[in-house]
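Visitor: I have a model open and want to learn how to read it. Where do we start?

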Amino acid sequence: MSATADHAEERTNPAARLGFQPGQVVQEIGYDDDVDQELREAIEGIVEGDLVDEDYDDVADAVVLWFRDDDGDLTDALVDATTYIEEGGAILLLTPKTGRSGYVEPSDISEAATTAGLTASKSVSVGKDWSGSRLATPKAAKSKR
């Protein structure tokens with residue numbers, strides 16, 4: 001594939017924009033009826049495999065965390081998610097967009113990420129109902145310098 005085609009895919013495929021790579025093990029937490037199936041399928045297409053669920057008993061390269069305002073404490077959920085990933089791995093926090101049921105304030109996301117020891121590297125729209133925040137563990141944040 002040419003560099004131009006790669007860049008075109010990054011613009012049109014949110015999973016590519018979010019930095020997922022072929023061969024990664026991606027653990028999914030917080031799955032429910034309301035998740036964006038197209039995004040899930042796009043991630044599976046990029047990593048060339050199925051997402052693993054919360055019962056996966058090994059370390060993943062990345063975590064996809066679907067989180068709604070009524071799911072409990074976001075800081076706790078983020079801290080728990082960091083136990084599932086490789087050092088330097090990333091958490092993709094997916095929350096409902098403004099005006100949707102379960103919406104989480106950006107300030108709450110920022111505060112929870114900081115408290116959990118994570119660094120937000122980018123926030124993107126990943127579907128009509130969901131926004132994504134890519135959160136990096138400290139080693140991943142340092143390696144970007």
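Guide: With one term: exposed means over 50% relative accessible area, and buried means under 20%. Keep in mind that this model is predicted.

Visitor: Which residues of helix H5 are exposed?

Guide: H5 spans residues 106-115. Glu111, Thr114 and Thr115 are exposed.

Visitor: Within what arc do the buried residues of H5 fall?

Guide: Look down the helix axis. The buried residues of H5 fall within an arc of 100°, so they line one face of the helix.

Visitor: What covers the buried residues of H5?

Guide: The cover includes H4, E3 and E5. Just after H5, look at Gly117, which takes a positive phi of about 80°.

Visitor: Now strand E3. How many of its twelve residues are buried?

Guide: Nine. E3 covers residues 85-96, and with nine of its twelve residues buried, it is largely enclosed by the rest of the structure.

Visitor: In which sense, parallel or antiparallel, do E2 and E3 pair?

Guide: Parallel, over six bridges; E2 is residues 60-66. Find Val63: it stands opposite Ile91 in E3.

Visitor: Through which helix does the chain cross from E2 to E3?

Guide: Through H4, residues 74-82. This β-α-β crossover is right-handed.

Visitor: How many bridges join E3 to E5?

Guide: Seven, and these two strands run antiparallel. E5 is residues 130-136. For one spot to check, Leu94 stands opposite Gly132 in E5.

How values were computed:
Residues are numbered from 1 along each chain as its sequence is written. This is a predicted model: local features need pLDDT of at least 70, side-chain atom pairs count only at pLDDT 80 or more; totals for chains, interfaces and linings use all residues. Side-chain values use heavy atoms; hydrogens and water are left out. Buried means under 20% relative accessible area, exposed over 50%, partly exposed in between (1.4 Å probe, protein chains only). Helices (H or I, at least four residues) and strands (E, at least two) are DSSP runs, numbered from the N terminus. Two strands pair if DSSP finds at least two bridges between them. A crossover is right-handed if, with the strands pointing away from the viewer, the path from the first strand over the helix to the second runs clockwise. The arc is that of the directions from the helix axis to the C-beta atoms. Contact means heavy atoms within 4.5 Å.
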